[in-house]
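I opened my notebook to look up charged side chains that pair up. The structure comes first, then my entries.

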Amino acid sequence: MVTLGSLWLPILLSAVFVWIASALIWTVMPHHKTDWKKLPDEEALRGALKGQNLAPAQYSFPHAPDSAAMKDPEVVRKLQEGPVGVLTIWPSGMPTMGGKMAASFVYYLVVGAIVAYLAGRTVAAGAEYLAVFRVTGTVAWLAYAFGGIPDSIWFGRPWSTTVKILIDGLVYALLTAGVFGWLWPGG
């Protein structure tokens, strides 16, 4: 068994490498530029929403708080007429990146720690690079990418966006697996 404490360096370095890769993917690479579409009349929607004084949250429309409400004839009519969707409202003002970047780094550290925990319990000290790579890469890919699939299944996220997230997650997983394979403790 390999202890979590002996894996602090791969946890930290994998988080650093994934953080850098994520920053490059989202700022330099063009493939996520088409994930969001512009509304035909953005100002009309902004005007309609502004008057509602919405707090930052996720809203569904038409809203039905439970399965019984989904049978209400008025809700059924609205669902059939459309539009139907989910709306996320952020706080007003210029978006700040510092807190989000720090939180994403903490997330990458947590994923690295979970990867380390599982690998430390299933891969022996001194294991070959590829054995470590397979286990850590699989766990990291699951952690980084597969949680987004339900958003396409249940909430209408375009499958093309989910496929991009799966590919991004694979890049992060390969980096994580490479670091763990490289720095895996000897026997």
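This is a predicted model: local features need pLDDT of at least 70, side-chain atom pairs count only at pLDDT 80 or more; totals for chains, interfaces and linings use all residues.

Entry 1. The side chains of glutamate 74 and arginine 77 meet at 2.3 Å, N to O. The cut-off for a salt bridge is 4 Å, so I counted this pair as one. I then noted that the two residues are 3 residues apart in helix 3 (residues 73-81), which means about one helical turn between them.

Entry 2. I looked up how open these two side chains are. Glutamate 74 is partly exposed, with a relative accessible area of 37%. Arginine 77 is also partly exposed, at 33%.

Entry 3. I went on to helix 2. Arginine 46 forms a salt bridge with glutamate 43, and their closest N and O atoms are 2.9 Å apart. Both residues lie in helix 2, 3 residues apart, about one turn of the helix. Arginine 46 is partly exposed, with a relative accessible area of 41%.

Entry 4. I asked which residue forms a salt bridge with aspartate 35. It is lysine 164, with the closest N and O atoms 2.8 Å apart. This pair links distant parts of the chain, 129 residues apart. I placed aspartate 35 in the loop between helix 1 (8-27) and helix 2 (42-50), and lysine 164 in helix 7 (residues 159-183). Are the two buried or exposed? Both aspartate 35 and lysine 164 are buried.

Entry 5. I wrote down the total: the count comes to 6 salt bridges.

Conventions
Residues are numbered from 1 along each chain as its sequence is written. Side-chain values use heavy atoms; hydrogens and water are left out. Helices (H or I, at least four residues) and strands (E, at least two) are DSSP runs, numbered from the N terminus. Buried means under 20% relative accessible area, exposed over 50%, partly exposed in between (1.4 Å probe, protein chains only).
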